[in-house]
Amino acid sequence: MTVLDPAATAIRLFDSERDLHFFPIRHHSPACALHLREALRAIRPATVLIEGPVDFEPLITELLAPGVVPPVAMVALPDGAKKGRGGTTYYPICRHSPEFIAIREASELGATVRFIDLPSRHAAMLSDRRHRPDQPLLPMREVMFDRGAYVDAMCARTGFRDGFALWDGLFEARARGTDWRGFFASVGAYCSALRAASDPDELQTDGTLPREAMMRACIQDAIAARTGPIAVVTGGFHTPALIDAQAESVRPAGAAARSNAWLIRYDFRALDRLNGYGAGLPLPGFYERVWQRLIGDGGETGDSLTEDILVGFRAHLIESEPALAFSFPTLRSMVETARRLAELRGLSEPGRTELFDALQSSAIKEEIEVGAHPLLAAFTTYLQGDRLGDLPPGSRLPPLIERARAEARSFGLSLEDAVAKTRELDIYRKSRHGQTSRFLHAMRLVAPPFAERLKGPDRVHGFRADMLMETWTYAWSPAVEAALIERAADGETVRDVAATILIRRLGDLEREGQCNNAAAAFNLLSIAFDAGIGSAADTLVAAVSTAVGADTNLLRLTNALVMGQALDSRAKAMQSDGTVKAFADLLPPLLDRLARRIAELLPDLAAVNADTVGEAIACLAALAEAMADPDPPFPARPLRDALQGLMAAQLDPQLTGAVIALAALIGLVDEAEAGRRLSAALAGAFERPGDAIRTLSGVMALAPQLFVNDSSVITAIDNLFGAVDDQGFLDLLPQLRMAFAELSPQETDKVAAIVAAAHGAGEDDIALLQQVPDARVLTDHLALSERLRGQWQADGLAAWLGPAP
Amino acid sequence: MEQRNALQLRPSAEARFADELAALKAADQGRRPPGWALSARAVRSFILGDSKLSVRRKFYGDDALVERALVALMSEQGLMLVGEPGTAKSMLSELLAAAISGSSMLVVQGSTGVTEDHVRYGWNYALLIAEGPTPRALVPSPVMEAMRLGRIVRVEELTRCPPEIQDVLISVLSEKVMSVPELGESASVYAAPGFSVIGTANLRDRGVHEMSSALKRRFNFETVLPLTDPALETELIRQEVGKRLGQAEIAVNFPDEVTDLLVTTFQDLRRGQTKDNVPLSKPSAVMSTAEAVNIAHAAALEAAFLGNGDVGGAHIGRQLQGVIVKDNAEDVKKVRAYVDHIVKERARRSKVWSDFLGAVKAMKDES
């Protein structure tokens, strides 16, 4: 709502005497881009100096190659030797980035383009108060535009709600003007004020000052070698520190360092995520639309930008989230609201903030919880945009990406487009399919967006371990490349990086105090197996071995045993492959250790009580699964001995049942013996029918067939019911139901037939019972029979009750 | 209705801020929407303040909300202010009406007892019997008056009106006409430019009715949230209490530290979290700024009439009980936990907090 007085700064920005012109910009600002384009066309500079890491200079040619479609990003990978000094450096470029426009215009004018910032991996570019060591690094960070005393004061005075709205209102709204000098003068004045209000200490610690020393030195060099006008395009925040550059031209130490820099495809979603780190204006999809309109691209429809966006958003909702879509009259009132808001706020046309306000005001007919509403979130995503950048075929790529692509192609995976494709793999019988599977598993670790397994053997529970085929979907997209870039510092091949990731996860386990978690460690090992990472096998096996020794949790150990067994059987099935062989050799000693450890801990189960019995039962179930193998890859003897000991001990009733069941399952006792023991346990508990039922449910959890096949057990249970009255039976009923839920319908029928036979009922009686609609009807009918019987007896008709003659 | 300021407990907004409105009108260069007393920008200044014209800020928190509200009123839509009790919804609607129409007196005070007469029109039965249905016998509702005069009518607590009464507003807002069939086939009152409806509603309180979606469609909704900025809330409380005490010509010493204590306590309990992110259980009682003002006011009165004129932590502590216990016993437990853990800690370092602790504890023991 105010116009900055440009006079003071304007004179200094465009120094016609030295023919040196400063363009203070904000990254990704369409208004800056458009005015810059006009300015460069007017000035026709011979040299264009741009704030960009000097080691990215070689990428300028690549950026100008035909076939490059922004968003793309210049990236530099962290130096493997200096771990922990920041993540990957990103220099994202959109169509509407002033830097991109400057480079393009300069090339058309035949001017020289130089980058004048410190090298991307220079200490000053890394020294930044960061919370996470692998956070992305942005040479173009500009958080000072978003917060700070000056921004707050300006917002309070002008009525804009935050730094972004302030920028939009002051500068983006002036994009259509023709006076580029006035525009940049205003930006310059604004930025000088921002600069004046910022903390000098912070400028030193965040590396701003050394970077500006570098920029000044580069400007001096350019002046010395001048062949014509010079244009300097930098973040507006730096401009005030560059304008007065005179004698000083000492480059900071390390300014000549080079790094591995690459141009990669990028996408708007990733770009907007970087905004969390202060990368520039948010919602790149919105500003790209603004830019297209400014340069008259994308077909003049006669509609305003506001209409275009809101109509487009409505269509998008109808298609993808119909529940959120709003009506046409609402749309019309939204457009009107946006216009009036712009007018009220003194803007020539509605901007980003007005669109959000109009949406909120017109379309949301309910209370909004502190700014959050699904419709507003959907609009944010819509304006974020989903544009994917592109590079011409054959572009130079970082080694990890190159190798991943090459390897994928060597397995016959199609990478031509981003459409998801499906692949079936016969992993045991065809060695190439096995290799492909391992590659895809490794890619799951390194670049998760690439592939997903739809079907296949379950590694954790050994469930469907005998499954022969795997089904995968996969698609190569910029998101995959971005994920690979994130990992590029960890190694040059997919397998190396996957190994690093696994070792790191192992480290995470240790940090979380989980180094005694046998199941978690074994899980990592089985991932390594799936991905065929032989190099990590030794480390992981050692870690698992330690974990096994330290783990006192029987459930985790038995789960690990199940996993290990599944792994072993698959390793045997695949033995043809070399990397698999490494695992196949390492597994038996590990399983041996695991089995002995479990045997050592099994006697502890004697101390289990009713509260903890659930977990104990789960252990025994896992053990039953592992020991069902007639030729287990681990010594069964110690386990059997330990179980024998348990059978002799006084246990929780439920556990007693489970132990008997397990013993029968693994042939420690035969079924008849198990039946006897069970009947004895049940009979012994007749005074506490609740315990008897718990014993029964212990059996059911592991081996329901034991109960079904042995009528002596059923008889024992039946006797038990004889001992309780009706109320006692009702009390037991819930527990009984739970216990019997383990039976299949056929088994239930079988039990019913045995019980019925024991009580002298025939099959006909059961069939009759099955026709009774529900228990209440049965009760009513039984009561009626009883009354009739009493009546007949009272009437001396007892003879009628006997069988018909 | 005649306004007799001196005798009114609380004069209307247009009376209280007559000078500011006059100053804004004199300086107003903007285009006025049809039927409006001021331009939209002048109304914005009236509510959000304009230091050049020494117009005080009256609504704190969300400036964009005020702008959206103004735009809604300029369009065909009504404006619906929703939110928890005590978030200044009614005040905002009063200010908007005063600045836009020059009068905030056309009000329907919503309750279950509201009948169609309050929203459409009624009759003077003596005249009706004597003369039959004539314009003279007709008693217009505030809504009808607003339509005739091109003003804003406020409907307070709209969701407390029975649904069939709420729905009278549907056709009024869309057709902008109210027919009076008793006066003849073509007898209708047409809305003059400037007519609009500002509703306030609570969508979640006990005893409120659902709004029909047809009615919702004719309103733009704005959610008024409690203040989250302690500095703003402090300023607001200080201003409001100063004004109330000034009117009654009472002078007390109200130290900043005491206001801070009040605001901190309210913000902590309202958010269910302290400034240092210690989680608390949130009481269900309404902890609005309006309640805080009431507490501060009562504390000041106690200090003035029963004490030596210095407001301290103890005064606030005694008044707090009144707000919390209003609703339920659960809340008392929650506040007790807050006092035992958080306040006790603070009391070690500050006299005001330890006075506060003492007062709250004394009350607890009694109860």
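This is a predicted model: local features need pLDDT of at least 70, side-chain atom pairs count only at pLDDT 80 or more; totals for chains, interfaces and linings use all residues.
Visitor: Where is the kink in α16(B) centred?
Guide: On B:Val339, and the kink is about 35°.

Visitor: Is B:Val339 buried or exposed?
Guide: B:Val339 is buried. Other buried residues in α16(B) include B:Tyr338, B:Ile342 and B:Arg346.

Visitor: How is chain B divided?
Guide: Into domain 1, covering 5-223, and domain 2, covering 230-366. The C-alpha centres of those two domains of chain B are 34 Å apart.

Visitor: How many residues of domain 1 of chain B are in contact with domain 2?
Guide: Seven, and they meet ten residues of domain 2 of chain B.

Visitor: Switching to chain A: how many helices and strands are there?
Guide: Chain A has 36 helices and eleven strands.

Visitor: And what's the radius of gyration of chain A?
Guide: Chain A has 38 Å, whereas a compact globule of 805 residues would come out near 28 Å. The C-alpha atoms of chain A fill a box of roughly 130 × 70 × 50 Å along the principal axes.

Visitor: How much of chain A counts as buried?
Guide: That's 53% of its 805 residues. The accessible surface of chain A is about 35200 Å², with 53% of that area belonging to carbon and sulfur atoms.

Terms used:
Residues are numbered from 1 along each chain as its sequence is written. Chains are lettered from A and ligands numbered from 1 in the order in which they are written. Side-chain values use heavy atoms; hydrogens and water are left out. The bend at a residue is the angle between axes fitted to the seven residues ending there and the seven starting there. Helices (H or I, at least four residues) and strands (E, at least two) are DSSP runs, numbered from the N terminus. Buried means under 20% relative accessible area, exposed over 50%, partly exposed in between (1.4 Å probe, protein chains only). The radius of gyration is taken over C-alpha atoms; the globule rule is 2.2 Å times the number of residues to the power 0.38. Accessible areas come from the Shrake-Rupley method with a 1.4 Å probe; for residues, only the protein chains shown count as cover. Domain bounds come from an automatic or database domain assignment. Contact means heavy atoms within 4.5 Å.
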